Amino acid sequence: MSKSAPVKKTTSKIWDKVKDVVDPDRALQATVAAAIEGVAVRNVLGMAPETWKPGKPLKLLLAGYVGTRNTGADVRVEEMIRQLRHVVGDDELELTIMTVDPKLTRGYFRAVHQIELPAVFPKFIATECPKHHGVIACEGSMFKSKFSSALTCFMAGALGLANAENKISVGYGAEAGSMTPALRDFVRDACKKSLVICRNEPSRKVLGELGIRTTSGADTAWTFDPAPLSRGAQLLRDAGWDGRQKVLVVCPINPFWWPVKPDLLKYAAYKLGGQYKHEHYSAFYFHHHSEAADKKYNAYIQALADGVNAFAQEREFFTILVGMEQLDRHACEDLLPRLDRGGALFVSDEHDMYDLVSVLRNCSMMISSRFHAIVTSMPGLVPSAGVTMDERIRNLMNDRGHPDMFFEVDEDDLGDKLLHTLRRLWRDAEGISADIARAVPAQLRLMGQMGIDFMDEVVRVYPQFPRRDLPRTWEAHLPPLPANVQRLLERHA
């Protein structure tokens with residue numbers, strides 16, 4: 001036993017006694033709720049610092065999960081911005097986005113003002129949100145405790161602050177899932193006047209039970225235009241691809257170290273004694289960690305390796321491992337040495353979203369635990385299957401007409417099931433691509449309707465706002481489409 005083990009064990013025992021009395025997530029929610037109440041009182045007293053008036057541009061604040069090199073989060077926000085500019089009009093719009101790390105969003109979201117979001121955010125959002133005419137929550141996993149109740153508290157809190165001043169308060173392309181009872185109550189209260197545009201019907205059901213207004217929508221990543229295919233092909237060649245073999249991409253994660261929670265005692269031990277390095281996320285936030293979680297993670301990584309290795313006995317292909325978020329580097333590096341033939345790594349800490357999606361679209365088949373790896377590859381008609389930790393990939397595959405092409409991360413005999421799925425992706429690639437081609441226009445139709453619904457909400461809140469003279473059709477409310485997406489739309493709409 002290392003010298004640090006007794007210290008860590010003692011700290012854990014202390015925290016076990018304290019956590020039943022003090023829940024950091026609940027404390028955070030109470031703090032944000034108090035901030036919302038304070039802004040509401042100030043608004044009643046006529047002290048709102050910023051109100052929209054005719055002739056002024058609409059100042060909107062985007063609240064989401066950017067600045068962590070999460071490719072999916074960055075792509076969907078990029079396309080959200082393009083759509084908002086199209087439906088509202090550039091001259092009528094001023095956009096500001098909160099980013100965890102401005103260095104990691106440099107070169108993204110052009111002409112959008114970026115402000116750094118601190119780890120301790122309640123005071124910051126209580127000060128920043130009232131400077132704008134509305135808030136748009138823009139993270140896909142918007143209302144769920146699976147990843148982090150604190151993240152949902154941040155976005156719901158920002159929406160609640162806009163509601164406190166009767167401003168625009170919209171969740172854009174949201175997904176809702178399981179929440180702790182305390183978080184459900186917080187979301188119900190904070191977002192009772194918000195409009196949440198959901199990317200699937202199960203999410204509408206979750207929020208409908210809380211009395212929150214919803215409409216149907218989609219993810220916004222469908223219209224993303226990555227770097228040219230030639231760029232991705234060159235990156236693959238630089239990594240050892242011969243330019244002829246089919247390319248299998250695997251997108252692993254650690255499904256079992258969520259949720260991330262604030263933990264001040266762990267943070268003190270981390271800062272003072274270097275404890276909890278493995279589960280440290282950032283600031284005073286820590287990943288879930290336990291022996292059971294480690295065992296499940298090891299089984300998941302081994303199942304991915306077993307499926308790929310067994311398939312490699314039957315077919316020749318080039319394997320790449322893609323980390324869609326910089327956190328995924330650990331999973332990619334854990335999987336790589338278990339592959340009999342090895343493979344190449346592409347991780348978002350070294351490749352921006354334009355290059356990474358271009359690489360994905362050069363692939364011949366995909367096994368992914370990342371929702372947006374599947375979404376961003378679909379306009380390139382890449383045959384894909386999912387290994388999911390929550391409802392996102394499950395919902396996507398059901399919507400796509402492939403309910404048999406996803407598995408749970410802790411499913412029995414996962415390696416064998418992946419082998420059979422890889423055989424199908426190889427054998428039925430043309431048919432699967434055709435199914436994907438038919439599914440993309442349906443998502444574009446929903447995305448276009450989101451633009452209509454958003455503008456309806458803008459003029460509901462601000463009746464004098466000048467609405468652009470666009471036909472009231474979903475096609476007219478999409479941003480300009482990349483050529484390949486336009487072709488899909490023309491062929492299958």
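Which residue forms a salt bridge with Arg-438? In this predicted model, the partner is Asp-435, and the closest N and O atoms are 2.5 Å apart. Both residues sit in helix α16 (residues 429–461), three residues apart, about one turn of the helix. Arg-438 is partly exposed at 47% relative accessible area, and Asp-435 is also partly exposed, at 26%.

A search of the whole structure gives 34 salt bridges.

Next, a pair from two helices. Arg-231 forms a salt bridge with Asp-355, with 3.0 Å between the closest N and O atoms. Arg-231 belongs to helix α8 (residues 229–238) and Asp-355 to helix α12 (residues 353–361), so this pair ties together parts that are 124 residues apart in sequence. Arg-231 is partly exposed, at 37% relative accessibility, whereas Asp-355 is buried, at 13%.

Back to a pair within one helix. Glu-333 and Arg-329 form a salt bridge, the closest N and O atoms being 3.2 Å apart. They are four residues apart in helix α11 (residues 329–335), which means a separation of about one helical turn. Glu-333 is partly exposed at 40%, and Arg-329 is buried at 18%.

Salt bridges also link Arg-76, Glu-175, Arg-199 and Asp-219 in a network.

Last, a group of like charges. Asp-306, Asp-410, Asp-412, Asp-413 and Asp-416 form a patch of negative charge on the surface. One of them, Asp-413, is in the loop between β17 (406–408) and α15 (414–427), and Asp-413 is exposed, at 54%.

Definitions and conventions:
Residues are numbered from 1 along each chain as its sequence is written. This is a predicted model: local features need pLDDT of at least 70, side-chain atom pairs count only at pLDDT 80 or more; totals for chains, interfaces and linings use all residues. Side-chain values use heavy atoms; hydrogens and water are left out. Patches are made of residues with over 30% relative accessible area and no salt bridge: like charges are joined within 9 Å, nonpolar side chains (Val, Leu, Ile, Met, Phe, Trp, Tyr) within 5 Å. Accessible areas come from the Shrake-Rupley method with a 1.4 Å probe; for residues, only the protein chains shown count as cover. A salt bridge is a side-chain nitrogen of Lys or Arg within 4 Å of a carboxyl oxygen of Asp or Glu. Lys and Arg count as positive and Asp and Glu as negative; His and the chain ends are not counted. The place of a charge is taken as NZ of Lys, CZ of Arg, CG of Asp or CD of Glu. Buried means under 20% relative accessible area, exposed over 50%, partly exposed in between (1.4 Å probe, protein chains only).
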